[in-house]
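Here is a briefing on one protein chain. Please look over the sequence and the model before reading on.

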Amino acid sequence: MKKSQAKQKAKTLLDFLQKSPTAYHAVESMAKLLADRGFFPLSEGTDWSLEAGKGYYVTKNQSTILAFRIPEKKPEQLLLSASHTDSPTFKLKENFEVLANDYLRLDVERYGGSIYSTWLDRPLSVAGRVIVFENNTLTSKLVNIDRDLLLIPSVAIHQNRKVNEGVALNPAIDLQPLFGTGNAKGTLKKLLAKAVGCSVDAIRSADLFLYNRTPGSIWGADEEFFSSARIDNLMCAYGTLQGFLKAKAPANSLSLFASFDNEEVGSDTKQGAGSVFLRNTLERIAKATGADISKLLANGFLVSADNAHAIHPNHPELYDGLNVPKLGGGVVIKASASQSYATDGMSSALFSEICKNAGVPVQHFANRSDLPGGSTLGSIADTHLPILTVDIGMAQLAMHSAYETAACEDILHLESAAKAFYETGIKLEQDGKYCISFE
Ligand SMILES: [Zn+2]
(Lines give C-alpha, C1' and ligand atoms only; values in the text may rest on other atoms or scores of the structure.)
Protein backbone atom coordinates (compact mmCIF):
# COMPACT_ATOMS: atom_id res chain seq x y z
CA MET A 1 0.00 0.00 0.00
CA LYS A 2 2.68 2.44 1.09
CA LYS A 3 4.83 1.58 -1.93
CA SER A 4 2.04 2.22 -4.44
CA GLN A 5 1.08 5.41 -2.56
CA ALA A 6 4.70 6.60 -2.71
CA LYS A 7 4.91 5.85 -6.43
CA GLN A 8 1.63 7.68 -7.04
CA LYS A 9 2.97 10.70 -5.12
CA ALA A 10 6.17 10.60 -7.15
CA LYS A 11 4.14 10.69 -10.36
CA THR A 12 2.23 13.74 -9.14
CA LEU A 13 5.47 15.46 -8.16
CA LEU A 14 7.07 14.65 -11.54
CA ASP A 15 4.06 16.19 -13.26
CA PHE A 16 4.47 19.35 -11.13
CA LEU A 17 8.21 19.45 -11.95
CA GLN A 18 7.55 19.14 -15.66
CA LYS A 19 5.05 22.01 -15.57
CA SER A 20 7.58 24.15 -13.69
CA PRO A 21 10.66 24.62 -15.93
CA THR A 22 11.51 28.01 -14.33
CA ALA A 23 10.81 29.82 -11.04
CA TYR A 24 8.04 31.77 -12.83
CA HIS A 25 6.33 28.57 -13.89
CA ALA A 26 6.79 27.03 -10.43
CA VAL A 27 4.98 30.03 -8.91
CA GLU A 28 2.25 29.76 -11.54
CA SER A 29 1.86 26.01 -10.74
CA MET A 30 1.65 26.72 -7.00
CA ALA A 31 -0.78 29.62 -7.46
CA LYS A 32 -3.03 27.29 -9.42
CA LEU A 33 -2.99 24.67 -6.65
CA LEU A 34 -3.86 27.40 -4.13
CA ALA A 35 -6.64 28.88 -6.28
CA ASP A 36 -8.11 25.39 -6.76
CA ARG A 37 -8.33 25.12 -2.97
CA GLY A 38 -10.20 28.41 -2.63
CA PHE A 39 -7.29 30.77 -1.89
CA PHE A 40 -7.75 34.32 -3.14
CA PRO A 41 -5.03 36.16 -5.08
CA LEU A 42 -3.85 39.50 -3.66
CA SER A 43 -1.88 42.23 -5.40
CA GLU A 44 0.84 44.03 -3.45
CA GLY A 45 -0.23 47.30 -5.07
CA THR A 46 -3.80 47.41 -3.70
CA ASP A 47 -5.46 47.59 -0.26
CA TRP A 48 -6.15 44.23 1.34
CA SER A 49 -9.30 43.34 3.23
CA LEU A 50 -8.56 40.02 4.90
CA GLU A 51 -11.30 37.91 6.47
CA ALA A 52 -11.00 35.34 9.25
CA GLY A 53 -11.13 31.78 8.03
CA LYS A 54 -10.04 32.62 4.49
CA GLY A 55 -6.85 31.89 2.57
CA TYR A 56 -4.84 34.27 0.36
CA TYR A 57 -1.68 34.34 -1.73
CA VAL A 58 0.53 37.08 -3.09
CA THR A 59 3.40 36.84 -5.57
CA LYS A 60 6.37 39.12 -6.21
CA ASN A 61 8.23 39.36 -9.51
CA GLN A 62 6.10 36.34 -10.53
CA SER A 63 8.88 34.21 -9.05
CA THR A 64 8.24 34.30 -5.28
CA ILE A 65 4.96 33.30 -3.62
CA LEU A 66 3.54 33.70 -0.11
CA ALA A 67 0.27 32.04 0.92
CA PHE A 68 -1.48 32.31 4.28
CA ARG A 69 -4.65 31.45 6.13
CA ILE A 70 -6.22 34.01 8.44
CA PRO A 71 -7.25 32.08 11.57
CA GLU A 72 -10.76 32.26 13.07
CA LYS A 73 -9.37 33.83 16.25
CA LYS A 74 -6.81 36.62 16.66
CA PRO A 75 -3.41 35.15 15.64
CA GLU A 76 -1.25 34.26 18.63
CA GLN A 77 1.32 32.07 16.91
CA LEU A 78 3.01 31.93 13.50
CA LEU A 79 3.90 28.70 11.72
CA LEU A 80 5.78 29.23 8.52
CA SER A 81 7.61 27.09 5.97
CA ALA A 82 10.04 28.47 3.40
CA SER A 83 11.55 26.84 0.33
CA HIS A 84 12.93 28.11 -2.97
CA THR A 85 11.55 28.21 -6.49
CA ASP A 86 14.78 28.56 -8.49
CA SER A 87 17.34 25.96 -9.61
CA PRO A 88 20.79 26.31 -11.17
CA THR A 89 20.61 26.88 -14.92
CA PHE A 90 21.79 29.25 -17.66
CA LYS A 91 20.22 32.58 -18.61
CA LEU A 92 20.04 34.07 -22.10
CA LYS A 93 21.61 37.49 -22.55
CA GLU A 94 19.72 40.39 -24.16
CA ASN A 95 21.49 39.87 -27.51
CA PHE A 96 21.69 36.11 -27.70
CA GLU A 97 22.35 35.05 -31.30
CA VAL A 98 25.97 34.00 -31.93
CA LEU A 99 26.62 33.21 -35.59
CA ALA A 100 29.85 31.34 -36.51
CA ASN A 101 30.83 28.49 -38.86
CA ASP A 102 27.26 28.42 -40.17
CA TYR A 103 25.99 27.52 -36.68
CA LEU A 104 23.67 29.65 -34.58
CA ARG A 105 24.38 29.33 -30.85
CA LEU A 106 22.75 31.15 -27.94
CA ASP A 107 24.79 33.43 -25.69
CA VAL A 108 24.07 32.32 -22.12
CA GLU A 109 25.56 32.96 -18.70
CA ARG A 110 25.34 30.76 -15.65
CA TYR A 111 22.63 31.15 -13.02
CA GLY A 112 23.71 29.49 -9.76
CA GLY A 113 26.18 26.65 -9.44
CA SER A 114 25.33 23.83 -11.88
CA ILE A 115 27.37 20.68 -12.42
CA TYR A 116 28.25 21.78 -15.95
CA SER A 117 28.92 18.35 -17.47
CA THR A 118 25.34 17.24 -16.76
CA TRP A 119 24.04 19.80 -19.27
CA LEU A 120 25.95 18.28 -22.21
CA ASP A 121 24.48 16.04 -24.91
CA ARG A 122 20.85 16.17 -23.83
CA PRO A 123 17.85 17.94 -25.32
CA LEU A 124 17.24 21.38 -23.83
CA SER A 125 14.78 24.19 -24.40
CA VAL A 126 14.04 27.77 -23.36
CA ALA A 127 11.42 29.03 -20.88
CA GLY A 128 10.86 32.12 -18.77
CA ARG A 129 8.98 35.31 -19.48
CA VAL A 130 8.85 37.92 -22.21
CA ILE A 131 7.91 41.55 -21.63
CA VAL A 132 5.38 42.62 -24.24
CA PHE A 133 4.42 46.23 -25.04
CA GLU A 134 0.86 46.61 -26.29
CA ASN A 135 -1.64 49.49 -25.91
CA ASN A 136 0.74 51.52 -23.76
CA THR A 137 1.09 48.64 -21.31
CA LEU A 138 4.08 46.45 -20.49
CA THR A 139 2.93 42.93 -19.65
CA SER A 140 5.11 40.03 -18.57
CA LYS A 141 3.96 36.80 -20.20
CA LEU A 142 5.24 33.37 -19.23
CA VAL A 143 6.63 31.34 -22.08
CA ASN A 144 7.86 27.78 -22.57
CA ILE A 145 9.01 26.54 -25.98
CA ASP A 146 7.71 23.07 -25.22
CA ARG A 147 9.84 20.98 -27.56
CA ASP A 148 13.42 19.76 -27.92
CA LEU A 149 15.13 22.89 -29.20
CA LEU A 150 18.78 23.09 -28.16
CA LEU A 151 21.77 20.92 -27.26
CA ILE A 152 25.28 21.51 -25.93
CA PRO A 153 27.52 18.97 -27.70
CA SER A 154 30.61 17.45 -26.04
CA VAL A 155 34.00 17.51 -27.77
CA ALA A 156 34.75 14.05 -29.22
CA ILE A 157 37.19 11.92 -27.22
CA HIS A 158 39.44 11.77 -30.30
CA GLN A 159 39.99 15.50 -29.97
CA ASN A 160 40.52 15.38 -26.22
CA ARG A 161 42.14 12.09 -25.20
CA LYS A 162 42.35 13.29 -21.59
CA VAL A 163 38.60 13.84 -21.28
CA ASN A 164 38.18 11.01 -18.75
CA GLU A 165 40.86 12.50 -16.50
CA GLY A 166 38.61 15.50 -15.83
CA VAL A 167 37.72 18.52 -17.95
CA ALA A 168 37.33 22.14 -16.89
CA LEU A 169 34.31 23.43 -18.84
CA ASN A 170 34.34 27.16 -19.50
CA PRO A 171 30.80 28.63 -19.57
CA ALA A 172 31.82 31.24 -22.16
CA ILE A 173 33.18 28.59 -24.54
CA ASP A 174 31.96 25.09 -23.77
CA LEU A 175 28.39 25.72 -22.61
CA GLN A 176 26.86 27.81 -25.39
CA PRO A 177 23.93 25.74 -26.73
CA LEU A 178 23.49 25.01 -30.42
CA PHE A 179 20.14 26.25 -31.78
CA GLY A 180 20.42 25.76 -35.56
CA THR A 181 22.34 26.57 -38.70
CA GLY A 182 23.07 30.10 -39.82
CA ASN A 183 19.59 30.22 -41.34
CA ALA A 184 18.06 30.19 -37.85
CA LYS A 185 18.79 33.88 -37.24
CA GLY A 186 15.62 35.57 -35.89
CA THR A 187 13.82 32.26 -35.38
CA LEU A 188 13.85 32.14 -31.57
CA LYS A 189 12.19 35.56 -31.27
CA LYS A 190 9.55 34.39 -33.75
CA LEU A 191 8.94 31.23 -31.70
CA LEU A 192 8.62 33.30 -28.52
CA ALA A 193 6.22 35.77 -30.16
CA LYS A 194 4.09 32.93 -31.53
CA ALA A 195 4.04 31.17 -28.15
CA VAL A 196 2.68 34.23 -26.33
CA GLY A 197 0.51 35.49 -29.20
CA CYS A 198 2.14 38.82 -30.00
CA SER A 199 4.19 40.34 -32.82
CA VAL A 200 7.98 40.05 -32.74
CA ASP A 201 8.26 43.83 -32.50
CA ALA A 202 6.07 43.91 -29.38
CA ILE A 203 8.65 41.92 -27.37
CA ARG A 204 10.65 44.56 -25.50
CA SER A 205 12.76 42.38 -23.20
CA ALA A 206 12.82 38.95 -21.57
CA ASP A 207 14.08 36.74 -18.73
CA LEU A 208 14.78 33.42 -20.45
CA PHE A 209 16.49 30.33 -19.08
CA LEU A 210 17.60 26.96 -20.40
CA TYR A 211 15.93 23.86 -19.03
CA ASN A 212 16.52 20.14 -19.32
CA ARG A 213 13.91 18.38 -21.48
CA THR A 214 14.61 14.87 -20.13
CA PRO A 215 11.31 13.69 -18.58
CA GLY A 216 11.24 12.58 -14.94
CA SER A 217 11.54 8.86 -14.24
CA ILE A 218 10.67 6.41 -11.46
CA TRP A 219 13.21 3.60 -11.28
CA GLY A 220 15.19 1.08 -9.18
CA ALA A 221 14.77 -2.59 -8.16
CA ASP A 222 11.59 -1.75 -6.28
CA GLU A 223 10.83 1.53 -8.10
CA GLU A 224 11.99 3.26 -4.94
CA PHE A 225 13.82 6.16 -6.62
CA PHE A 226 12.83 8.99 -8.92
CA SER A 227 14.94 11.34 -11.00
CA SER A 228 14.17 14.68 -12.61
CA ALA A 229 15.46 18.18 -13.15
CA ARG A 230 14.85 20.69 -10.32
CA ILE A 231 14.26 18.24 -7.44
CA ASP A 232 16.30 20.83 -5.47
CA ASN A 233 14.15 22.55 -4.42
CA LEU A 234 10.75 22.04 -5.99
CA MET A 235 10.39 18.75 -4.08
CA CYS A 236 10.39 20.77 -0.85
CA ALA A 237 8.23 23.56 -2.30
CA TYR A 238 5.64 21.03 -3.45
CA GLY A 239 5.75 18.86 -0.30
CA THR A 240 5.43 21.77 2.14
CA LEU A 241 2.61 23.25 0.04
CA GLN A 242 0.71 19.95 0.18
CA GLY A 243 1.14 19.86 3.97
CA PHE A 244 0.01 23.49 4.23
CA LEU A 245 -3.10 22.81 2.12
CA LYS A 246 -4.12 19.67 4.04
CA ALA A 247 -3.47 20.88 7.60
CA LYS A 248 -6.18 21.93 10.04
CA ALA A 249 -4.36 24.61 11.99
CA PRO A 250 -5.23 25.63 15.59
CA ALA A 251 -7.85 28.42 15.68
CA ASN A 252 -5.30 31.06 16.79
CA SER A 253 -2.50 29.99 14.45
CA LEU A 254 -1.38 32.03 11.47
CA SER A 255 -0.17 29.50 8.87
CA LEU A 256 2.08 30.83 6.16
CA PHE A 257 3.72 29.13 3.20
CA ALA A 258 6.63 30.82 1.41
CA SER A 259 8.68 29.88 -1.62
CA PHE A 260 11.38 32.36 -2.64
CA ASP A 261 13.29 32.99 -5.83
CA ASN A 262 17.05 33.56 -6.08
CA GLU A 263 18.30 31.19 -3.36
CA GLU A 264 20.82 29.85 -5.88
CA VAL A 265 22.37 33.31 -6.29
CA GLY A 266 22.42 34.36 -2.63
CA SER A 267 18.80 35.45 -1.88
CA ASP A 268 19.66 39.17 -1.72
CA THR A 269 17.07 40.40 -4.23
CA LYS A 270 13.74 42.19 -3.82
CA GLN A 271 11.93 38.83 -4.10
CA GLY A 272 14.57 36.74 -2.30
CA ALA A 273 14.54 35.40 1.26
CA GLY A 274 16.98 38.21 2.11
CA SER A 275 14.36 40.87 1.29
CA VAL A 276 11.70 42.42 3.54
CA PHE A 277 8.85 41.07 1.37
CA LEU A 278 7.84 38.47 3.96
CA ARG A 279 8.18 40.93 6.84
CA ASN A 280 6.07 43.54 4.99
CA THR A 281 3.40 40.93 4.27
CA LEU A 282 3.34 39.90 7.94
CA GLU A 283 2.94 43.54 8.92
CA ARG A 284 -0.08 43.88 6.62
CA ILE A 285 -1.59 40.69 8.09
CA ALA A 286 -0.90 41.90 11.64
CA LYS A 287 -2.58 45.23 10.88
CA ALA A 288 -5.67 43.52 9.46
CA THR A 289 -6.02 41.05 12.34
CA GLY A 290 -4.88 43.15 15.28
CA ALA A 291 -2.03 40.73 15.97
CA ASP A 292 1.21 41.81 17.64
CA ILE A 293 4.00 40.95 15.22
CA SER A 294 6.72 40.63 17.89
CA LYS A 295 4.52 38.24 19.85
CA LEU A 296 3.76 36.25 16.69
CA LEU A 297 7.47 35.85 15.98
CA ALA A 298 8.20 34.84 19.58
CA ASN A 299 5.44 32.23 19.45
CA GLY A 300 6.56 31.24 15.99
CA PHE A 301 8.45 28.54 14.19
CA LEU A 302 10.02 28.58 10.73
CA VAL A 303 10.73 25.38 8.84
CA SER A 304 13.26 26.19 6.14
CA ALA A 305 12.98 23.31 3.68
CA ASP A 306 15.77 22.69 1.17
CA ASN A 307 17.09 19.30 0.16
CA ALA A 308 19.99 17.51 1.83
CA HIS A 309 22.79 15.26 0.57
CA ALA A 310 22.01 11.54 0.81
CA ILE A 311 25.03 9.31 1.27
CA HIS A 312 26.58 8.73 -2.17
CA PRO A 313 26.85 5.04 -3.16
CA ASN A 314 30.31 5.53 -4.71
CA HIS A 315 31.65 8.17 -2.32
CA PRO A 316 30.75 7.49 1.32
CA GLU A 317 34.09 9.07 2.34
CA LEU A 318 32.67 12.56 1.62
CA TYR A 319 30.31 12.39 4.60
CA ASP A 320 30.44 12.76 8.34
CA GLY A 321 30.75 9.36 10.00
CA LEU A 322 27.57 9.64 12.07
CA ASN A 323 25.27 12.30 10.64
CA VAL A 324 24.59 10.71 7.26
CA PRO A 325 21.10 10.68 5.72
CA LYS A 326 19.94 7.95 3.40
CA LEU A 327 17.41 8.02 0.57
CA GLY A 328 13.92 7.17 1.81
CA GLY A 329 15.01 7.53 5.45
CA GLY A 330 12.66 10.41 6.34
CA VAL A 331 13.03 14.12 7.00
CA VAL A 332 16.63 15.31 7.39
CA ILE A 333 17.41 17.95 10.02
CA LYS A 334 20.47 19.90 8.88
CA ALA A 335 22.74 21.62 11.37
CA SER A 336 26.02 23.50 11.16
CA ALA A 337 28.04 25.25 13.86
CA SER A 338 28.76 28.07 11.39
CA GLN A 339 24.98 28.77 11.28
CA SER A 340 24.90 28.27 7.51
CA TYR A 341 21.94 26.20 8.68
CA ALA A 342 19.74 27.95 11.24
CA THR A 343 18.95 24.81 13.26
CA ASP A 344 19.69 24.88 16.99
CA GLY A 345 19.07 22.40 19.77
CA MET A 346 15.60 23.76 20.56
CA SER A 347 14.37 23.86 16.96
CA SER A 348 15.79 20.40 16.27
CA ALA A 349 14.07 18.98 19.36
CA LEU A 350 10.78 20.70 18.57
CA PHE A 351 10.67 19.55 14.96
CA SER A 352 11.69 16.00 15.97
CA GLU A 353 8.74 15.91 18.39
CA ILE A 354 6.37 17.01 15.63
CA CYS A 355 7.70 14.29 13.30
CA LYS A 356 7.58 11.65 16.04
CA ASN A 357 3.97 12.52 16.74
CA ALA A 358 3.18 12.17 13.02
CA GLY A 359 5.05 8.86 12.68
CA VAL A 360 7.65 10.38 10.32
CA PRO A 361 11.26 9.18 10.71
CA VAL A 362 13.94 11.84 11.28
CA GLN A 363 17.60 11.72 10.23
CA HIS A 364 20.42 14.20 10.81
CA PHE A 365 22.93 15.82 8.50
CA ALA A 366 26.16 17.58 9.38
CA ASN A 367 29.06 18.35 7.04
CA ARG A 368 32.28 16.39 7.34
CA SER A 369 34.28 18.64 9.66
CA ASP A 370 36.87 19.48 6.99
CA LEU A 371 34.30 20.34 4.27
CA PRO A 372 32.41 23.66 4.20
CA GLY A 373 29.15 22.29 2.69
CA GLY A 374 26.27 24.40 1.41
CA SER A 375 23.91 26.94 2.89
CA THR A 376 20.26 27.82 2.47
CA LEU A 377 17.61 30.45 3.11
CA GLY A 378 16.73 29.83 6.79
CA SER A 379 19.55 31.90 8.29
CA ILE A 380 19.05 34.61 5.64
CA ALA A 381 15.31 34.97 6.31
CA ASP A 382 16.03 35.09 10.06
CA THR A 383 17.93 38.37 9.76
CA HIS A 384 14.59 40.12 9.07
CA LEU A 385 12.43 37.75 11.12
CA PRO A 386 13.99 36.67 14.40
CA ILE A 387 12.11 33.40 14.81
CA LEU A 388 12.96 29.88 16.00
CA THR A 389 14.10 28.08 12.83
CA VAL A 390 14.92 24.55 11.78
CA ASP A 391 16.61 23.70 8.49
CA ILE A 392 15.30 20.51 7.01
CA GLY A 393 15.31 18.80 3.63
CA MET A 394 14.79 15.47 1.95
CA ALA A 395 17.82 13.33 1.12
CA GLN A 396 18.84 13.46 -2.54
CA LEU A 397 21.76 12.59 -4.80
CA ALA A 398 23.59 14.72 -7.37
CA MET A 399 22.45 18.11 -6.05
CA HIS A 400 22.74 20.78 -8.80
CA SER A 401 23.00 18.20 -11.57
CA ALA A 402 20.62 18.80 -14.49
CA TYR A 403 19.05 15.49 -13.44
CA GLU A 404 18.83 14.77 -9.70
CA THR A 405 17.64 11.75 -7.71
CA ALA A 406 15.55 11.25 -4.56
CA ALA A 407 13.31 8.58 -3.00
CA CYS A 408 9.56 8.21 -3.68
CA GLU A 409 8.77 7.42 -0.03
CA ASP A 410 10.36 10.69 1.13
CA ILE A 411 7.63 12.72 -0.60
CA LEU A 412 5.12 11.05 1.73
CA HIS A 413 7.42 11.73 4.69
CA LEU A 414 7.69 15.41 3.80
CA GLU A 415 3.96 15.94 3.26
CA SER A 416 3.09 14.21 6.55
CA ALA A 417 5.72 16.19 8.47
CA ALA A 418 4.60 19.50 6.91
CA LYS A 419 0.93 18.81 7.67
CA ALA A 420 1.74 17.89 11.28
CA PHE A 421 3.89 21.01 11.61
CA TYR A 422 1.03 23.34 10.60
CA GLU A 423 -1.29 21.59 13.07
CA THR A 424 0.98 22.15 16.07
CA GLY A 425 0.32 24.60 18.89
CA ILE A 426 3.42 26.42 20.16
CA LYS A 427 3.72 28.80 23.10
CA LEU A 428 6.87 30.45 24.37
CA GLU A 429 6.50 30.28 28.17
CA GLN A 430 9.80 32.05 28.76
CA ASP A 431 13.07 32.24 26.87
CA GLY A 432 14.27 28.66 26.55
CA LYS A 433 10.88 27.07 27.35
CA TYR A 434 8.25 26.15 24.76
CA CYS A 435 4.91 24.46 25.41
CA ILE A 436 3.72 22.34 22.49
CA SER A 437 0.36 20.76 21.78
CA PHE A 438 -0.88 18.57 18.96
CA GLU A 439 -4.41 18.94 17.60
ZN1 LIG B 1 18.31 24.18 -2.70
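Predicted model: local features only at pLDDT ≥ 70, side-chain atom pairs only at ≥ 80, totals over all residues.

Residues are numbered from 1 along each chain as its sequence is written.

**Whole chain**
- The protein chain has nine helices and 22 strands. Both are DSSP runs numbered from the N terminus: helices are H or I with at least four residues, strands are E with at least two.
- The radius of gyration is 22 Å, close to the 22 Å that the globule rule gives for 439 residues, so the chain is as compact as a globular protein of that length. The radius is taken over C-alpha atoms, and the rule is 2.2 Å times the number of residues to the power 0.38.
- Along the principal axes, the C-alpha atoms fill a box of roughly 70 × 60 × 40 Å.
- Of the 439 residues, 46% are buried. Buried means 20 or more other C-beta atoms within 10 Å of the residue's own, with C-beta atoms placed from the backbone.
- Among contacts between residues at least 6 apart in sequence, 75% join residues at least 24 apart. A contact means C-beta atoms, placed from the backbone, within 7 Å.

**Domains**
- The domain assignment gives domain 1 (2-87 + 229-438) and domain 2 (89-212). Such bounds come from an automatic or database assignment.
- The centres of domain 1 and domain 2, taken over C-alpha atoms, are 31 Å apart.
- Contacts link 15 residues of domain 1 with 18 residues of domain 2.
- On the side of domain 1 that touches domain 2, six residues are nonpolar, six polar and three charged. Nonpolar covers Ala, Val, Leu, Ile, Met, Phe, Trp, Tyr, Cys and Pro; charged covers Asp, Glu, Lys and Arg; the others, Gly among them, are polar.

**Helix pair α2 and α4**
- The axes of α2 (residues 23-36) and α4 (residues 231-246) come within 11 Å and cross at roughly 10°.
- The two helices are therefore roughly parallel, a term for angles under 35 degrees.
- Ala 26, Met 30 and Leu 33 of α2 meet Leu 234, Ala 237 and Leu 241 of α4.
- That contact has six nonpolar residues, no polar and no charged.

**Ala 406**
- Ala 406 sits in strand β20 (residues 404-407).
- Ala 406 is buried, with 29 other C-beta atoms within 10 Å.
- Beyond neighbours within four places in sequence, Ala 406 contacts Phe 226, Ile 231, Met 235, Leu 327, Met 394, Ala 395 and Gln 396.
- Asp 232 is 174 residues away from Ala 406 along the chain, yet their C-alpha atoms are separated by 9.7 Å.

Note on methods. Buried ≥ 20, exposed ≤ 12 C-beta atoms within 10 Å, placed from the backbone. Contact = placed C-beta atoms within 7 Å. Axes fitted to C-alpha atoms, helices over the stretch in contact; angles between N-to-C directions. Parallel < 35°, antiparallel > 145°, perpendicular 65-115°, else oblique.
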